[in-house]
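Hi there,

Here is the structure I promised to pass on. Could you open it alongside this email as you read?

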Amino acid sequence: MTRARPISLLLIAASWILANTAWLSIGEQQLTGTEISQLLNLLPGISLLLIFISSYQRFAAVLSSLAAISMLIFALLALTSNFESSAAAIAIFESISGIQGAGSGDVDVATNRSMTNLIAATTGLGAAVLLTINALRPAPRSVAKRQVVEDNRALWDEQGD
């Protein structure tokens with residue numbers, strides 16, 4: 001296991017935890033990142049699963065690249081999501097105002113965005129960068145040699161006689 005992999009695992013775990021904290025406050029009610037977008041809860045889990053599968057050294061570069069792409073999508077969602085127009089926020093606005101399809105302009109309640117989404121996006125981007133570095137680094141010599149030696153032709157010839 002390289003140094004980049006454990007650090008990326010910690011960053012993914014931190015971004016997953018941050019996705020489950022409050023990102024938007026509408027009056028007294030708070031919405032977490034995963035309530036705003038369900039994908040924010042799924043992408044770090046997919047990335048962790050891909051990293052653990054890649055530890056078996058089969059298609060490690062491809063799986064690390066896919067994990068990096070997953071965390072990049074997580075970071076983009078955390079940065080570009082319009083929190084006030086999410087289904088959960090609209091449901092809160094509707095319950096407060098009684099108007100179907102109400103938005104933040106229809107309700108006289110303070111709406112506050114926290115900086116947690118920026119921190120989650122930063123940790124997601126950091127994990128994506130580390131996973132990309134891990135994927136681009138060549139495999140250790142012992143792993144590359146083991147993959148070449150697995151199909152020993154001399155052994156096949158010996159057993160065939």
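Below are some notes on a helix, a surface patch and a single asparagine. Please keep in mind that this is a predicted model.

Let me begin with helix α5, which covers residues 87-97. Ala89, Ile92 and Phe93 are buried there. These three sit on the same side of α5, because they cover an arc of only 100° around the axis. What lies over the buried residues? The cover includes the strands β1 (22-26), β2 (29-32) and β3 (111-113). Just after α5 comes Gly98, with a positive phi of about 80°.

Next, the surface. A nonpolar patch there is formed by Leu39, Leu42, Ile46, Phe59, Val62, Leu66, Ile69 and Ile73, and together they have about 730 Å² of accessible area. Two elements, α3 (39-54) and α4 (60-80), each give two or more residues to the patch. The largest share, four residues, comes from α4. Ile46 belongs to helix α3 and counts as partly exposed because its relative accessible area is 35%.

Finally, have a look at Asn117 in helix α6, residues 116-136. Is Asn117 buried or exposed? With a relative accessible area of 5%, Asn117 is buried. Its side chain reaches the backbone oxygen of Ala78 at 3.1 Å. Leaving aside residues up to four places away in sequence, Asn117 touches Trp23, Ala78 and Phe83.

Notes:
Residues numbered from 1 in each chain as written. Predicted model: local features only at pLDDT ≥ 70, side-chain atom pairs only at ≥ 80, totals over all residues. Heavy atoms only, no water. Buried < 20%, exposed > 50% of the residue type's maximum accessible area, 1.4 Å probe, protein only. Polar contact = N/O pair within 3.5 Å; in protein donor to acceptor, adjacent residues only side chain to side chain. Contact = heavy atoms within 4.5 Å. Patch = residues over 30% accessible without salt bridge, like charges linked within 9 Å, V, L, I, M, F, W, Y side chains within 5 Å. Areas by Shrake-Rupley, 256 points an atom, 1.4 Å probe, with all protein chains shown as cover. Salt bridge = Lys/Arg side-chain N within 4 Å of Asp/Glu carboxyl O. Arc of directions from axis to C-beta.
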